[in-house]
Amino acid sequence: MATTAGQFWDKHVRDLNDRVNWWSSDACTAAYNEQVCGQAVPGNSRGCRIALAAAAGRPLGRGVSVGAGAGDKERALLLDGIVGEMRLWELSEARAAEARRRAAADSVGDRLEARIGNAFLEETGSFDLVTWDHSLHHMPDIDQALAWSVERLNPGGWLMINDYFGPNRLQWRRDEVEHCNRVLDDIDRAHGTKLRRVRRSNILTRLRMRHRDPSEAPHSEKIADAIRRHLGAAITPVGGLVMNILGGVVVPAFPDDHLAIAAPVAADRAALAQGQWHFGFTLWQKP
């Protein structure tokens, strides 16, 4: 699984300015961040950094992140002065190399280290921050990942989880698909577009996803329960049901100031109010 996942992600190193999904949209990230930290500020995971800085009350020393990709969120922790050093673990050589390149370009290359390998077997260090930012749902064993996180933390250190809690393998439920397609119907009527519709999941889509990327959300539905068992921590529902499913359809089709972008954001907020969400946030301090 590790080799296959690494090979898959080697082919998916995106440019910083690619407009591909909800995280590429200021309107979407502002709505996300407002749920996390109470401030509607744009920027992917910016709300998480604001919440962490407020909770910690001081700069943290060393941080570690598993499945960090090109390290954009980890690099932002350094640039914002929230943590002094970051160690990244990746399976993809291409993404680790890009993380090093971007860190060097932002003059933090001496404080960001990107390693290739299995962090659960190879990492022996201790840290003031363990962060999972949309990477925990890629882990084959959620319990192992959380137990490792607690073990690696120094006393008084922080565990930050900002992640996907939705259906395994991104196989949307029937009611989710129908709801999101109604949002697309409204956008098409209002703006004269013909956006592609979301397809229902079936055995073939599940098998195709598993073959394409075996690391994609194999046990995402178990994360909430695992957090409660390992940490006893509260989970803040952030939303994301509509933005997650429709982000890849709507965001690339319109500029960020277009009224069409507001439709999935509003629908997402309404779904969250009804207790329907895909993304959640947790901060936990080790005693």
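Helices here are DSSP runs of H or I with at least four residues, strands are E runs of at least two, and both are numbered from the N terminus. By that rule, Leu 204 sits in helix H9, residues 203–212.

Some ground rules. This is a predicted model: local features need pLDDT of at least 70, side-chain atom pairs count only at pLDDT 80 or more, and totals for chains, interfaces and linings use all residues. Residues are numbered from 1 along each chain as its sequence is written, and side-chain values use heavy atoms, with hydrogens and water left out.

Back to Leu 204. Its relative accessible area is 53%, so Leu 204 is exposed. The cut-offs: buried is under 20% relative accessible area, exposed is over 50%, partly exposed is in between, with a 1.4 Å probe and protein chains only.

Now helix H7, residues 142–152. Its buried residues are Ile 142, Ala 145, Leu 146, Trp 148, Ser 149 and Arg 152. Down the axis of H7, they fall within an arc of 160°, so they line one face of the helix. That arc is taken from the directions from the helix axis to the C-beta atoms.

What does that buried set of H7 pack against? Strand E1 (60–66), helix H6 (119–122), strand E4 (127–133), strand E5 (153–164) and helix H10 (223–231). Contact here means heavy atoms within 4.5 Å.

Next, salt bridges. The definition is a side-chain nitrogen of Lys or Arg within 4 Å of a carboxyl oxygen of Asp or Glu. The whole structure has 23.

Take Glu 85 and Arg 62, which pair at 4.0 Å, N to O. Glu 85 is in strand E2 (residues 83–90) and Arg 62 in strand E1, so this pair ties together parts 23 residues apart in sequence. Glu 85 is partly exposed at 42%. Arg 62 is partly exposed at 28%.

Compare Glu 123 and Arg 87, with closest N and O atoms 3.0 Å apart. Glu 123 lies in the loop between H6 and E4, Arg 87 in strand E2, so the pair links parts 36 residues apart in sequence. Buried or exposed? Glu 123 is buried, at 4%. Arg 87 is buried too, at 13%.

Glu 178 is partly exposed at 31%, and Arg 174 is exposed at 55%.

Last, a network. Salt bridges with shared partners join Asp 72, Arg 75, Glu 98, Arg 101, Arg 102 and Asp 106.
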